[in-house]
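Thank you all for coming; I would like to walk through one model this morning. Let me put the sequence and the structure up, and then we can begin with a single pair of side chains.

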Amino acid sequence: MITLSSDFGSPYPAAMKGVICRATDARIEDIAHDFPRQDVRAAAFWLTQTLPYFPPAVHCVVVDPGVGTDRDALVVRAGEHALVGPDNGVLLPVARELAANETDTADAFEVFTWAYDDPASTTFHGRDVFAPAAAAVHDTGVDNLEARTETTPTDDYVDLRFPAASVDGDDATGEVLVVDDFGNAVTNIPGEVLADRFGGTIEVDGRDAPVCRAYAAVDRGQRLVTVGSHGNVELAVNRGRGDEAFGVSAGDTVALSL
Amino acid sequence: MITLSSDFGSPYPAAMKGVICRATDARIEDIAHDFPRQDVRAAAFWLTQTLPYFPPAVHCVVVDPGVGTDRDALVVRAGEHALVGPDNGVLLPVARELAANETDTADAFEVFTWAYDDPASTTFHGRDVFAPAAAAVHDTGVDNLEARTETTPTDDYVDLRFPAASVDGDDATGEVLVVDDFGNAVTNIPGEVLADRFGGTIEVDGRDAPVCRAYAAVDRGQRLVTVGSHGNVELAVNRGRGDEAFGVSAGDTVALSL
Amino acid sequence: MITLSSDFGSPYPAAMKGVICRATDARIEDIAHDFPRQDVRAAAFWLTQTLPYFPPAVHCVVVDPGVGTDRDALVVRAGEHALVGPDNGVLLPVARELAANETDTADAFEVFTWAYDDPASTTFHGRDVFAPAAAAVHDTGVDNLEARTETTPTDDYVDLRFPAASVDGDDATGEVLVVDDFGNAVTNIPGEVLADRFGGTIEVDGRDAPVCRAYAAVDRGQRLVTVGSHGNVELAVNRGRGDEAFGVSAGDTVALSL
């Protein structure tokens with residue numbers, strides 16, 4: 001199986017699918033093609049929320065503001081999964097997750113550069129570099145990456161780690177990592193800080209908000225704080241947009257008084 | 001085959017696909033993931049316009065404003081199809097359609113509750129409850145639902161029926177069920193009321209509009225009334241938005257003078 | 001394999017998929033369903049950028065402002081590919097590309113009308129005419145189109161050719177064919193005019209702009225001119241929208257002084 005992720009919108013991903021279908025019979029599943037444009041960190045976050053649910057696969061990821069520059073193409077082996085994409089950090093957080101899930105060691109992933117000739121275009125490496133690489137990796141097999149002449153092991157790559165929240169007694173400070181399509185503001189504050197607060201109230205940026213397990217635990221249009229499906233603290237509104245109600249966007253700081 | 005429908009936007013449906021792909025080799029086809037958010041009635045309508053065209057399949061539907069509350073998870077057997085989703089009515093109209101298509105009896109569907117343990121999250125039962133249930137139902141087979149320990153037959157579920165239009169001589173009154181992506185306002189008024197009006201004119205909310213079989217029967221930008229692919233009266237504009245030209249939104253009343 | 005392209009948005013394409021899945025086990029891949037609405041030329045352009053990358057397939061295309069009128073349904077054989085769609089020109093540019101790729105002769109395609117009975121709806125031939133036709137063509141095989149009673153060879157069809165740019169010494173004048181999801185303005189001016197200008201500057205509509213191979217060759221938010229993945233001159237902004245920065249929309253004239 002090959003999965004596809006990008007910030008391409010439409011219809012460019014279809015050209016990638018065509019290239020893959022010409023090269024292999026592998027099943028293709030789309031993760032998303034509407035990741036926030038050229039936002040490497042947001043894409044890296046969403047990959048950690050989606051790819052680990054898949055069985056072993058080759059995951060082709062193209063969020064690549066440096067396309068056409070001399071940035072490398074990478075292949076990462078993480079457990080039985082392979083990740084293919086640009087060397088800008090987007091692959092690293094999910095590589096750690098996949099490695100930790102399969103080997104109990106988040107460092108148990110291996111990074112290779114993938115050598116490519118000058119492609120047909122300097123603006124669409126998704127079609128001309130990464131899709132062919134994903135098909136080749138799929139048919140070679142994740143255990144045989146070393147057998148490909150294109151691969152060279154490397155430890156010189158761009159890394160990316162999500163910022164850590166700080167928790168100090170009853171104060172937790174973090175930031176909004178992404179806002180999802182519902183308007184839920186996903187923070188980097190671990191959900192454990194709310195463990196014994198459900199049914200009660202905390203302060204978010206100085207204003208009270210109830211702590212609930214379900215959006216529908218408050219009236220329609222009301223604010224709440226919950227633990228999202230990612231395990232982090234999430235600022236939400238029942239049937240509304242948490243980002244607007246809490247006045248936050250991706251990257252903004254959030255302070256909780258528990 | 002398993003189909004997926006939700007109001008999740010992107011990329012949450014990918015996590016559901018991963019869960020299903022881990023559990024079964026079943027083919028997955030997306031119906032839509034942009035149903036109007038938390039709008040159970042609109043989703044129920046669109047399911048009646050899409051699922052009956054499929055061969056027998058397991059249809060996983062997650063439009064679920066009550067996620068994390070104590071609402072039940074349901075599995076419905078309708079003909080050779082199975083529907084999996086929350087107990088909020090969203091499955092019922094299409095269950096009647098599927099049952100009627102396959103058995104000539106709209107009541108020939110069976111509803112089961114699907115017992116589930118506390119899932120990993122209280123906010124994403126699509127990933128943690130409904131996707132695993134759909135995979136399990138697929139591999140068990142729609143004829144063997146009773147064999148699953150999770151299933152209990154029930155007739156205590158939330159039902160949903162679309163409001164009926166009233167037709168009285170030359171007057172028909174109904175409401176807009178949904179507005180589609182083109183801007184066509186789909187009403188609940190049966191298309192038969194227009195049967196001998198094509199080529200003529202009727203009044204919609206007191207203003208004349210031509211009755212046409214094709215959008216292009218009027219000039220670009222002009223209003224028309226037609227019978228849509230759903231068989232109901234539809235308010236449209238050739239190459240434009242009917243909802244804006246007729247000044248209506250989902251839920252609004254529409255009065256026709258034939 | 002059957003590919004699907006339309007301007008339907010969501011969820012109408014799902015009904016087409018259901019119809020196809022009932023008729024054949026063929027793999028289905030989506031090209032795009034958000035082509036600019038009722039814009040035959042834009043759809044025709046995007047098809048040339050996507051379908052040629054696929055292995056031989058049946059491509060079902062529904063951008064069809066004339067649905068329900070007496071316009072014909074067509075099937076086109078181009079190399080080992082078949083195209084199915086309305087007779088409004090949308091299939092012709094990609095038919096030439098596919099024919100040229102496989103036979104070295106852009107005229108080596110064959111057009112057939114596809115006879116159909118009055119379908120269930122006058123507004124959704126994607127579901128009622130083109131999806132069934134695509135499934136039938138797939139199972140008959142592109143080499144056996146003549147064996148279907150529905151097909152009649154024709155040379156009386158609506159053609160469509162993209163306007164040609166004019167290049168005269170150091171002046172090139174063309175137009176914007178489409179604006180992509182990134183905001184890149186794709187012109188019809190062949191990329192060869194920029195061949196020895198990379199690293200330098202040209203004038204676009206009287207204002208200087210650098211000529212670059214990569215978007216990231218200029219600072220964030222800065223304008224540039226490049227050759228896009230389609231091989232044509234493209235007006236872009238690094239991590240921004242070229243259409244806004246250059247003040248152009250699809251159909252606008254663009255003048256380059258090289």
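This is a predicted model: local features need pLDDT of at least 70, side-chain atom pairs count only at pLDDT 80 or more; totals for chains, interfaces and linings use all residues.

I start with R41(A) and E175(A), whose side chains meet in a salt bridge at 2.9 Å, N to O, where a salt bridge is a side-chain nitrogen of Lys or Arg within 4 Å of a carboxyl oxygen of Asp or Glu. As for conventions, residues are numbered from 1 along each chain as its sequence is written, chains are lettered from A and ligands numbered from 1 in the order in which they are written, and side-chain values use heavy atoms, with hydrogens and water left out.

Now, where does that pair sit? Chain A is divided into domain 1, residues 2-153, and domain 2, residues 166-257, with the bounds coming from an automatic or database domain assignment. Taken over C-alpha atoms, the centres of domain 1 and domain 2 of chain A are separated by 32 Å. Contact, here and later, means heavy atoms within 4.5 Å, and on that rule five residues of domain 1 of chain A are in contact with nine residues of domain 2 of chain A. Between them, these two domains of chain A bury about 590 Å², 61% of it on carbon and sulfur atoms, buried area being the accessible area (1.4 Å probe) that two parts lose on being put together, summed over both.

Let me turn from the domains to the chains. Chain A can be laid on chain C with an RMSD of 0.0 Å by a turn of 120° and a shift of 0.0 Å along the axis, the superposition being by least squares on the C-alpha atoms of residues with pLDDT of at least 70 in both. The two copies are thus related as by a three-fold rotation axis. Chain B, in turn, can be laid on chain A with an RMSD of 0.0 Å, again by a turn of 120° and a shift of 0.0 Å along the axis.

How many residues take part where chain A meets chain C? There, 29 residues of chain A are in contact with 28 residues of chain C, and chain A and chain C bury about 2500 Å² between them, 56% of it on carbon and sulfur atoms. Y12(A), R22(A) and T123(A) supply 23% of the area that chain A buries against chain C, more than any other three residues. Helix α1 of chain A, residues 12-23, gives the largest share of the side that touches chain C, with eight residues; helices (H or I, at least four residues) and strands (E, at least two) are DSSP runs, numbered from the N terminus. Only 3% of the interface residues of chain A are also interface residues in chain C, so the copies meet through different surfaces.

For chain B against chain A, 29 residues of chain B are in contact with 28 residues of chain A, and the area buried between chain B and chain A is about 2500 Å².

I close with the backbone. A cis peptide bond joins S10(A) and P11(A), with omega about 5°, and P11(A) lies in the loop between β1 (2-6) and α1 of chain A. In chain C the peptide bond from S10(C) to P11(C) is cis, with omega near 0°. Finally, Q38(A), in the loop between β2 (28-32) and α2 (40-50) of chain A, has phi near 55°, a positive value in a residue other than glycine.
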